[in-house]
Amino acid sequence: MIQITAKRNQHIDELEVKGHAGSDEYGRDLVCAIVSGIVTGLANALYEMAHEEDIILDEGYAHIKLHHPSSATDIIMNTAIIQLKTCFHIFQNLSLLCGQLTHILTPYDCIQIHDRLSESG
């Protein structure tokens, strides 16, 4: 399962993505490929456009911590979150349309998305 957690105070300041979808064998997993593409694009956009560098991209794990969150980084982060939610819904619809694939493509087994307010401390 891929777990995606976004944390926010005034702005989205952190995103963590971890796990594997397990919807196919390694190297053929479309869900993982889509999520990896979205998260890598997000990391590149934040680095290039907002000069954010606290980014970890590894196999099955990504962590982005923004040190200068702003309305501009919110647009970038929200775009990626919408893309990830779209991926979730696409595979949900596929699982409903292709009953025989439900055990492979059920989004609740592949992807969980959490949006949390950061706790002040």
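How do the residues of the lining of the largest pocket divide into nonpolar, polar and charged?

Analyst: The model is a predicted one. In the lining of the largest pocket, 10 residues are nonpolar, 6 are polar and 6 are charged. That lining is made up of 22 residues, and the space inside the pocket comes to about 370 Å³.

Several elements contribute to this lining. At least two residues each come from the strands β2 (12-19), β3 (55-58) and β4 (61-65) and from the helix α1 (30-50). Helix α1 gives the largest share, with 6 residues.

Nearest the centre of the pocket lie His-20, Cys-32, Ser-36, Glu-59 and Gly-60. One of these, Cys-32, has a relative accessible area of 15%. Cys-32 therefore counts as buried, because the cut-off for buried is under 20%. Cys-87 is buried too, with a relative accessibility of 3%. As for bonds between cysteines, the structure holds 0 disulfides.

A word on confidence belongs with this picture. The average pLDDT of the chain is 80, and 75% of the residues reach at least 70. In the stretch of residues 96-109, however, the pLDDT falls below 50. This stretch still has 19 contacts in the model beyond near neighbours in sequence.

Notes. Residues numbered from 1 in each chain as written. Predicted model: local features only at pLDDT ≥ 70, side-chain atom pairs only at ≥ 80, totals over all residues. Heavy atoms only, no water. 1 Å grid on protein atoms, 1.4 Å probe; cavity = no way out; pocket = protein on both sides within 12 Å on 5 of 7 lines; lining within 4 Å. Points joined across faces, edges and corners; volume = space filled by probe spheres on them. Helix = DSSP H or I, 4+ residues; strand = E, 2+ residues; numbered from the N terminus. Nonpolar A, V, L, I, M, F, W, Y, C, P; charged D, E, K, R; others polar. pLDDT = per-residue confidence, 0-100. Contact = heavy atoms within 4.5 Å. Disulfide = S-S within 2.5 Å. Buried < 20%, exposed > 50% of the residue type's maximum accessible area, 1.4 Å probe, protein only.
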